[in-house]
Every structure is written in C-alpha cells, then in structure tokens.
Amino acid sequence: MQKVLTVTILMTLFFSCTTKKETPFSIGQKSITYTDTSRNRPIVTEIWYPTYDTIIQDQVISKRKDLFKTITTIPNASIPDKKFPLLLVSHGTGGNRFSLTWFIEKMVKEGYIVVSIDHYGNSTFNKLPREFVKWWERAIDIQYTLSSVLKDPLVGSNIDVSKIGGVGFSLGGYTNIALAGGYVDRNHHDGNNDDRAMPPEFPKTDEIIDFDTDSLIVSSYNTYKDQVKDDRIKAFFVMAPAIGFGFHSKEQTEKITAPIYIVAGKGDTNTPVKNNALHYHNLINTSSIHLFNEHVNHYTFLNEATEFGKEVAPAITIDHPKVNRKEIHQKTTDMAIDFFNQHL
C-alpha cells in the first residue's frame, strides 16, 4: 500500500510540473532621451521589456489616426528580478523607434529586453538633410545608447551583457553591418546613379548641398568611419539592408567575425537584393541569408497598416495581393528567435 501511495504522489508531482505553464510576459515600456554631448546629439529611446504586471484599468482609446497598428504595453512597469538578453533596434531611413513594433512585441514576449531609437536627423519626426547621408553616425548612436541603457536604473542590472544582439531594417540593416565591423566607402561610384539617389523619405530643402564635398559630411566621415564596430554586440539580424553600393571589396568586411542573418524579399524595389542583401551575403563570411519570394517588397517589413494608413500612404502600407504581411512577420520572427537562441 505504501509503495502504491508513493508512486501515486510521484506521478501527481510529475504531471503537475510538466503541465504547469509559465506566466506569459506582458510588455513594459519606458521612454527616455539620452544625449550624446560629444556630438550634441539627442537620441530618443524606447525601452521595451518583459513584465508580469497587468493592465489595471482600461487604456484610454486614442483619437489619433495612426498609419500602423499599435501594440499594448504597460508604461514604467516592473521588471522581474532576473537576467534577460538585449536587442538593439535600428530603423530605416526616415523611420522611427516604433517602425518595427511587430518584431519588438514578439521578442519581448520571448523574454528579451528590446531597445529602439530615433536616429537623430533621420527619423519621421526629425529630418535633417545631412543626417540622411551620414550613415556611419547611426552606429555611434547605437553604441552610445547601449552604454546608457546598461546604466539605466530600471533595466540596466537585468541585462545579460554576454547576450546582446543587433536588429535593423533597411538603412538600419546597414547600421548593424557597420556595428559588426563593416566599413562603408562613401566615395565609391560604380556608375549606377540610381543606387546613390536620395530615398523617397528625404526631406525637402532649399539648401544646396554637395553631398560629395560638403565639409560637415566629410568631417563626420573622417571622424567616425573607423569607430563603427562594437564588439559588445554578438550577433546581428538584418532585414532588407541598404547602402550595398558603398561596399565593393571583401576588405571592407574582413573585420566582421560575428554571425549575421540577412532576410529580404526578392521583390524589393527600394533596395534590390542583387545589389544589397545578396551583395552583402557574398562579401560577409559569417552571413546566412533567407530570401522571400518575388512578391515580397521592401516595406513589407514595416508594421501592419490600419485602414487609414492604407488610404493615405499606400506605397508603404499595401503589399502585393499574394503577400500577407502578418505571415511574413511571423516567419521572420521565427527565424530571428532561432538565430538568437543559437548565437546569444
């Protein structure tokens, strides 16, 4: 009888342990602006992190018309007393720290702290012509933000400094390749002026700027071009990377030792894969690549759109009829989770 009772107790404990599910994470959110005084450069930052807090009261419904769907977060929530891996997110040209919340939401719920920033002068809310072509300074933005977040009183002590990854879309994809050690040659011309054309997000300006010789741009390049690599970041996941025209030799990527995973669509008309995603893959020894089919375009990697967004900004919100943006996002985050699980 005693033996049967013992077995019953053990089986009960076994099944209770194996069937018990961990409480799922909600998303905490903290907004802060770090200022790199050495460059007089404010960096508006969102910190997204796992929390067990719950929403106590119904959120106020915003009357603002958004282009893209938003996610549910808990401002200034508590964070569990444990270590989490960290991801740093860099948006595309003229984008912002909310451009990839579809990715951020999934990764936080998987147990990552995620930090996204507005790149000074090259964001939706702050457009300065010169900053659109000072690509290399974006890497310095990420470096400064990383140093600041590691000291942050809310999440700093909860970051596992051995598990830090980088994520980027479009120009943010280049930003991560730079952080990995990729050296861009801003002076290289291959005769294809289409590659060097200003992006559609470029701000209107009456100022005449020679981007090849402008003293402020040239001075910035000479100052920061050799400071872009950050060895604290151990793995990089990039989507539809841009600025492939600035890379023409394997010597420019020889310092890259961290793994890089490149994802893009064969239908990308903004940063065609032949001159960008595939071009980077061929130059980077540590890279892997996944290409979605010919119907997947550049802006498919932005958030899902609202009906209002589809009405007023169809170029960045409406995909090919055969493309389900949500499905592409799901497949992309699945790849990212596998990649970071392996390399962080």
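Reader: To start, which residue in β11 does Val263 stand opposite?
Author: Val263 stands opposite His290, where strands, like helices, are DSSP runs numbered from the N terminus (strands E, at least two residues; helices H or I, at least four). This is a predicted model, in which local features need pLDDT of at least 70 and side-chain atom pairs pLDDT 80 or more, while totals for chains, interfaces and linings use all residues. Residues are numbered from 1 along each chain as its sequence is written, and side-chain values use heavy atoms, without hydrogens or water.
Reader: How many bridges join β10 to β11?
Author: Six bridges join these parallel strands, and two strands pair if DSSP finds at least two bridges between them.
Reader: Are the residues of β10 buried or exposed?
Author: Six of the six residues in β10 (260-265) are buried, meaning under 20% relative accessible area with a 1.4 Å probe and protein chains only (exposed is over 50%, partly exposed in between). Ile260, Ile262 and Ala264 lie on one side, and Tyr261, Val263 and Gly265 on the other. In a regular strand, side chains alternate between the two faces of the sheet.
Reader: Changing topic, which side chain does Trp48 touch by a polar contact?
Author: The side chain of Ser116, at 2.9 Å; such a contact is a pair of N or O atoms within 3.5 Å, and within protein one must be able to donate a hydrogen and the other to accept it, with sequence-adjacent residues counting only if both atoms are side-chain atoms. Trp48 sits in β2 (residues 41-51), and it counts as buried because its relative accessibility is 1%.
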